[in-house]
Amino acid sequence: MKQPVFGIVGWKNSGKTTLTAALVTELTKRGFRIATLKHAHHTFDIDHEGTDSFRHRAAGAQEVAIVSGRRWAVIHELAEEREPTLQEMLARLSPCDLVLIEGFKRENHPKLECRRQDTRDHSFLATTDPGIVAVATDHDTESQTLPQFALGDIDGIADFIISHTGIGGETH
């Protein structure tokens with residue numbers, strides 16, 4: 001069964017990561033198994049110089065798996081490969097109740113748009129993206145057609161996501 005997904009999108013510094021982390025906390029507290037998928041527009045590293053696994057990658061390993069009694073991770077170097085699609089990455093995740101997707105704002109899945117007064121770009125993503133089904137904001141906005149939440153209304157946003165995705169129909 002394909003697991004439900006729900007996205008958190010917005011311009012840079014709009015509060016996406018803060019909101020996503022708060023939603024993970026709230027939804028897991030309610031008994032849901034949550035996975036997250038984050039798109040980065042820049043180079044990132046989850047491994048650090050000085051570790052054995054970093055040395056393995058620096059030596060040329062295409063994939064490095066790190067395993068302990070608490071967690072595991074696989075680091076895959078793309079080299080000349082193209083960036084994986086959202087669907088390809090979703091297929092790699094373990095089964096869960098919901099995948100919260102941060103970023104991937106041009107993909108076709110239900111999303112909530114984050115808006116903060118002090119971001120540089122104030123244009124609405126929702127005007128060009130029919131996948132945006134709600135807005136979370138820290139200021140009054142001109143959008144009257146979509147459900148709106150305060151950025152800090154984690155309970156309300158979590159309730160909306162549960163209702164919208166239908167994950168609440170299961171017993172947890």
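Reader: Where is H56 placed in the chain?
Author: In this predicted model, H56 sits in helix α2, which covers residues 52–58.

Reader: Is H56 buried, exposed or partly exposed?
Author: H56 is partly exposed, since its relative accessible area is 46%.

Reader: And which residues does H56 touch?
Author: Leaving aside residues up to four places away in sequence, H56 touches A61 and V64.

Reader: In what order do the elements run?
Author: Starting at the N terminus, the order is β-α-β-α-β-β-α-β-β-β-β-α.

Reader: What box do the C-alpha atoms fill?
Author: Taken along the principal axes, the box is roughly 55 × 40 × 25 Å. The protein chain has 172 residues, and 40% of them count as buried.

Reader: What about contacts between residues that are apart in sequence?
Author: Consider the contacts between residues at least 6 apart in sequence: 57% of these join residues at least 24 apart.

Reader: And what is the accessible surface of the chain?
Author: The accessible surface is about 10,800 Å², and carbon and sulfur atoms account for 52% of that area.

Reader: Now the charges. How many positive and negative side chains are there?
Author: There are 19 positive and 25 negative side chains. The centres of the two sets lie 1 Å apart.

Reader: Which residues does D129 touch?
Author: Residues up to four places away in sequence are not counted here; beyond them, D129 touches K105 and K111. D129 itself belongs to the loop between β6 (111–115) and β7 (132–137).

Reader: Is D129 buried or exposed?
Author: D129 counts as buried, because its relative accessibility is 12% and the cut-off for buried is under 20%.

Reader: What else lies in that loop, between β6 and β7?
Author: A126 is one of the residues in the loop between β6 and β7. With residues up to four places away in sequence set aside, A126 touches E113, I132 and L146.

Reader: How far apart are A126 and L146?
Author: They are 20 residues apart in sequence, and their C-alpha atoms are 8.9 Å apart in space.

Reader: A new topic: how many disulfides does the count come to?
Author: The count comes to zero disulfides. C96 is in no disulfide, and the nearest cysteine sulfur, that of C114, is 20 Å away.

Reader: Are C96 and C114 buried or exposed?
Author: C96 counts as buried at 11% relative accessibility, and C114 counts as buried at 2%.

Reader: Let us turn to the aromatic residues. How many aromatic pairs are there?
Author: The structure holds two aromatic pairs. In one of them, the ring centres of F6 and F160 are 6.4 Å apart and the planes stand at 75°, so this pair is edge-to-face.

Reader: Which parts of the chain does the pair of F6 and F160 tie together?
Author: F6 lies in strand β1 (residues 5–9) and F160 lies in helix α4 (residues 154–165), so the pair ties together parts that are 154 residues apart in sequence.

Reader: Are those two residues buried or exposed?
Author: F6 is buried, with 0% relative accessibility. F160 is also buried, with a relative accessible area of 17%.

Reader: Which residues form the aromatic cluster?
Author: F6, F149 and F160 form one aromatic cluster.

Reader: One last topic, the backbone. What is phi of N13?
Author: Phi of N13 is near 65°, which is a positive value in a residue other than glycine. N13 is in the loop between β1 and α1 (16–29), and N13 is exposed, with a relative accessible area of 52%.

Reader: And what is phi of A79?
Author: Phi of A79 is near 50°, again a positive value in a residue other than glycine. A79 is placed in the loop between β4 (72–76) and α3 (86–92).

Reader: Is A79 buried or exposed?
Author: A79 counts as exposed, because its relative accessibility is 70% and the cut-off for exposed is over 50%.

Terms used
Residues numbered from 1 in each chain as written. Predicted model: local features only at pLDDT ≥ 70, side-chain atom pairs only at ≥ 80, totals over all residues. Heavy atoms only, no water. Helix = DSSP H or I, 4+ residues; strand = E, 2+ residues; numbered from the N terminus. Buried < 20%, exposed > 50% of the residue type's maximum accessible area, 1.4 Å probe, protein only. Contact = heavy atoms within 4.5 Å. Areas by Shrake-Rupley, 256 points an atom, 1.4 Å probe, with all protein chains shown as cover. Lys, Arg positive; Asp, Glu negative; His and termini not counted. Charge placed at Lys NZ, Arg CZ, Asp CG, Glu CD. Disulfide = S-S within 2.5 Å. Phe/Tyr/Trp six-rings, centres within 6.5 Å; stacked < 30°, edge-to-face > 60°.
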